[in-house]
Amino acid sequence: MTVERIQRISGPGLPIRGENIDTDRIIPARFLKSVSFEGLETHLFEDDRREVDARQHDSHPASNPAFSAATVLLVNTNFGCGSSREHAPQAIRRRGIRAIVGESFSEIFFGNSIALGMPCVSAGAETMQALMTAVERTPSTELVVDLESMTVHSNGATYPITLPAPARDAFLSGTWDATGLLLADFDDVRAVARKLPYVSGW
Amino acid sequence: MPSTLFEKVWNAHSVRRLPTGQTQLFIGLHLIHEVTSPQAFDMLRARGGTVAFPDRTIATVDHIVPTSDQRRPFIDLKAEEMLSSLERNCREYGIHLVDLNSGHQGIVHVIGPELGLTQPGMTIACGDSHTSTHGAFGAIAFGIGTSQVRDVLASQCLTMEPLKVRRIEVRGRLASGVYAKDVILTIIRRLGVNGGVGYAYEYAGDTVERMSMEERMTICNMSIEGGARIGYVNPDQKTFDYLQARRFAPHGDDFERAVQWWRSMASDAGAPYDDQVVLDAAGIRPTVTWGINPGESVSVDEPVPSDAEADALAFMGVTRGQKLAGTRIDVAFIGSCTNGRLSDLREAARIVRGNHVAPRVKALVVPGSQSVRAAAEREGLDRVFTEAGFEWRGAGCSMCLAMNNDRLEGTEVCASSSNRNFKGRQGSPTGRTLLMSPAMVAAAAIAGEVVDVRQLSGVEAGVDG
């Protein structure tokens, strides 16, 4: 089963500076009290926004209307650490984001984002500084994340990005939604189960 | 060729290499709860799918359960809706639910081992990052998101990329008053909160070998706080003894055969590791976090580092060079999948006995499961706590992440035996969390401020025994 192929994501950026931004900050646990993911985007970074906006109205980038059309999230290191809640990438994607460029990501967050068709690509600290500064100065700056050439373009400049080959292939071939793949040739799954003594019996 | 437990378990569960280069991995045990599974069932339904191996998924309710009044329907209607949804899904797909009336309900990472569901050599997945806890038994256990919960329900498989293995060897005796919690906080501080990204952590060395299963669970539980999605300890006689006669563990001759297989899955002598780290247990002291992630910690008698990050300091109201001993607390929380087991409650009770909680401090004990609660009550620990002014609650995640009514207010400071000191983690956006061992939480509750548990008279604590 293939889904949409994902090769290029373009649009304005949303710069969120900071190291180790955990999923509790991305979406606080009190908003997980629901049996659906609907409406999560309204609470994206809610407590961080409240803290920063209290100092100056709408000064948190996620509150600032200048960034409301953003499709590319820009972050620093170990983004999405902590809780495995998929609510975090769900809230980000429902806010309109289609790709994240950052220095590094937590593994669980990275995997959850793949499952939503939202690539998390890595770039060096200098690249992130350049991209964030450009976007902060001119929020309408168009960013282009290209998984074919493994680059991000902004203001005529091109920077290299990285993404592990399996994830890249999954986006380019439209196989990032794994369920179909996992159900193909299901006899192989049953064969592995049969060989495991704790499944088949001691 | 000698190999690691990680490699053996991985290979035994590999179905195939996918065209993308990922591995399709069979999941031997799938644990679900009310927060991260309802959307997965809805996705499955929307695709017209079914649950491939319903007897390999076990459910419980933990995150949202009130720990005071558990009568149904819950007063919190959203919590009630989440549990009702889980009950409906389990009924519809034939999944065993360890519910509030079972006598065994509790935090998913406490009840898995308790019921003997968690066994060596397994792959275990759950929509919860602290699934690494189960690695204490020599299982490869890791947290997943909701789309992956859907995948496991549909296929009992996940797409995964292999990890590197870092062996973390802890050598020597822990001093009195120093616990497994202090060991893992020290490891995270040393290797960094993202030091484990791309790795499975294998905890080894004589210190870990001497630890009880519950202490090993505390260590493995917080692997994810160091960035490692998986942490494990090789199974040994202690592991097998723990599992014997537990409900879902093999029985009779099966148990003997199981032990043989479990032994065979342990890392071989001379197995290759991608990295090795050695830690001296004697150098570890009671540890407390000062900042907003679990790597930002110091020994209780050590100054906050001079290069501490300004944002974290401002949030916590802490200054560089300050020692945490003497920090006033408002709330003391003993519980969670990290430190909500019987041995944790025993250690805390030893400190509490004959003392009283400081006047302004709200102190609560939330056992990790109904079984832990019952066992503690048989020993009279509930009375030790309540006579000292602690609240004695029902089982659940409670104030670790405040998805029920147990939460911090305003800028309250909480001495907590849980696993995360993230901003807002305990329910108040401005609430402040100091992570520490249960014994240190108990001591702080009584003193009304952070104290060095080693300085309390009559305390002869320590894991070596």
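Select strand 1 (14-17) and strand 2 (23-26) of chain B. These two strands pair in the antiparallel sense over three bridges; pairing here requires that DSSP finds at least two bridges between two strands. Helices (H or I, at least four residues) and strands (E, at least two) are DSSP runs, numbered from the N terminus. Show S14(B), which stands opposite L25(B) in strand 2 of chain B. Five residues lie between the strands of this hairpin, and G21(B) takes a positive phi near 100 degrees there.

The model is predicted: local features need pLDDT of at least 70, side-chain atom pairs count only at pLDDT 80 or more, and totals for chains, interfaces and linings use all residues. Residues are numbered from 1 along each chain as its sequence is written, while chains are lettered from A and ligands numbered from 1 in the order in which they are written.

**Chain B, helix 3**

Next select residues 77-93 of chain B, which are helix 3. Colour A79(B), M82(B), L83(B), L86(B), N89(B) and C90(B), the buried residues of helix 3 of chain B. A residue is buried if 20 or more other C-beta atoms lie within 10 Å of its own, exposed if 12 or fewer, and partly exposed in between, with C-beta atoms placed from the backbone. An α-helix has 3.6 residues a turn, so residues three or four places apart point the same way.

Turn to the face away from the buried side of helix 3 of chain B to find the exposed residues L77(B), R91(B) and E92(B). The cover over the buried residues includes helix 2 (38-46), strand 4 (57-60) and strand 5 (96-98) of chain B. Just after helix 3 of chain B, G94(B) takes a positive phi of about 70 degrees.

**Where chain B touches chain A**

Display both chains. The contact takes 62 residues from chain B and 52 residues from chain A; two residues are in contact if their C-beta atoms, placed from the backbone, lie within 7 Å. Helix 5 (146-155) of chain B is one of the elements that give two or more residues to the side of chain B that touches chain A. The largest share of that side, seven residues, comes from helix 5 of chain B. The residues of this side of chain B divide into 23 nonpolar, 25 polar and 14 charged. Ala, Val, Leu, Ile, Met, Phe, Trp, Tyr, Cys and Pro count as nonpolar, Asp, Glu, Lys and Arg as charged, and the others, Gly among them, as polar.

**The parallel sheet of chain B**

Select the open sheet of five strands in chain B, with the order 17-16-15-18-19 and parallel pairing. Strand 17 (391-392) and strand 19 (432-435) of chain B stand at the edges with a single partner strand each, so one side of each is left without a neighbour in the sheet. Helix 16 (residues 438-447) of chain B packs on the sheet, touching strand 15, strand 16 (362-366) and strand 18 of chain B. The direction of helix 16 makes about 150 degrees with that of strand 15 of chain B; axes are lines fitted to C-alpha atoms, for helices over the stretch in contact, and angles run from 0 to 180 degrees between N-to-C directions.

Zoom in on strand 15 and strand 18 (residues 413-416) of chain B, which run parallel and are joined by three bridges. A332(B) has A415(B) as its bridge partner in strand 18 of chain B. Then go to G317(B), in the loop between helix 11 (310-316) and strand 15 (331-335) of chain B. With 11 C-beta neighbours inside 10 Å, G317(B) counts as exposed.

**Chain A**

Chain A has nine helices and eight strands, and 49% of its 202 residues count as buried. Select helix 3 (residues 87-94) of chain A: seven of its eight residues are buried, so this helix is largely enclosed by the rest of the structure. Its cover includes helix 1 (23-26), strand 3 (72-75) and helix 4 (107-115) of chain A. Just after helix 3 of chain A, G96(A) takes a positive phi of about 110 degrees.

Finish at the open sheet of four strands in chain A, ordered 1-6-7-8 with antiparallel pairing. Its edge strands are strand 1 (8-11) and strand 8 (157-160) of chain A. Between strand 6 (residues 143-146) and strand 7 (residues 151-154) of chain A there are four bridges; L143(A) has S154(A) as its bridge partner in strand 7 of chain A.

Methods: Expected span 1.5 Å × (residues − 1).
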